[in-house]
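This request is for a close look at one part of the model.

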Amino acid sequence: MPTIKEVTERASKGSFEPVYVLVGTETLLIERVLGALRRAIDEDGVPGFNLELFDGKSLDAGKVLAAAETLPMMADRRLVIVRHADAMAAADQNELAAYLESPSDSSSLVLTAEKLDGRGN
């Protein structure tokens, strides 16, 4: 598992993972990673243009998957951030878990959660 420093350094060099799962209560550290990823994505194209932000509370996984599968506009990559992924309904979490098996090559999906329940898929 890469460290925060490794993730931010790779992002600054234009190297991204297809999925990031940031779990914990250390909000400052999570925001540091999100900021580095956003800056790196913005450097590649029009700032904010290839960014989708969602809150997991009452979120339909279909919206997240549609955003993650949308091709980037005037850039190489899209960034899709889901805050509070642990607040999503179990069925929606399972849909996201299925996406993780074959994520888009042109998007980075970032899931943040205070803790994850490992009882599902």
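Q: What relative accessibility does Glu9 have, and how does Glu9 count at that value?

A: Happy to take you through it. This is a predicted model, where local features need pLDDT of at least 70, side-chain atom pairs count only at pLDDT 80 or more, and totals for chains, interfaces and linings use all residues. Residues are numbered from 1 along each chain as its sequence is written, and side-chain values use heavy atoms, with hydrogens and water left out.

Glu9 has a relative accessibility of 37%, so Glu9 counts as partly exposed (buried is under 20% relative accessible area, exposed is over 50%, and partly exposed is in between, with a 1.4 Å probe and protein chains only). The partner of Glu9 is Lys5: the two form a salt bridge, and their closest N and O atoms are 3.9 Å apart (the term needs a side-chain nitrogen of Lys or Arg within 4 Å of a carboxyl oxygen of Asp or Glu). Lys5 counts as exposed because its relative accessibility is 57%.

An α-helix has 3.6 residues a turn, so residues three or four places apart point the same way.

Helix H1 covers residues 4-12, and Ala11 is found there too. Ala11 has a relative accessibility of 2%, so Ala11 counts as buried. If you set aside the neighbours of Ala11 within four places in sequence, Ala11 is in contact with Phe16, Ala36, Leu37 and Ala40 (contact means heavy atoms within 4.5 Å). Leu59, on the other hand, is 27 Å from Ala11, C-alpha to C-alpha, with 48 residues separating them in sequence.

Now back to the charged side chains. The structure holds four salt bridges. One of them joins Arg10 and Glu17, at 3.8 Å from N to O. Arg10 has a relative accessible area of 35%, so Arg10 is partly exposed; Glu17 is partly exposed as well, because its value is 32%.

Another salt bridge brings Arg83 and Glu31 together, at 2.6 Å from N to O. This pair links distant parts of the chain, since Arg83 is in strand S3 and Glu31 is in helix H2, 52 residues apart. Arg83 has a relative accessibility of 27%, so Arg83 counts as partly exposed. Glu31 is also partly exposed, because its relative accessibility is 33%.

Finally, take a look at helix H3, where both sides of the helix can be described. In H3 (residues 61-69), the buried residues are Ala61, Val64, Leu65, Ala67 and Ala68. Seen down the axis of H3, these buried residues fall within an arc of 160°, so they line one face of the helix (the arc is that of the directions from the helix axis to the C-beta atoms). Strand S2, strand S3 (78-83), helix H4 (90-100) and strand S4 (107-113) are among what covers the buried residues of H3. Lys63 and Glu69 are exposed on the other side of H3.

Notes
Helix = DSSP H or I, 4+ residues; strand = E, 2+ residues; numbered from the N terminus.
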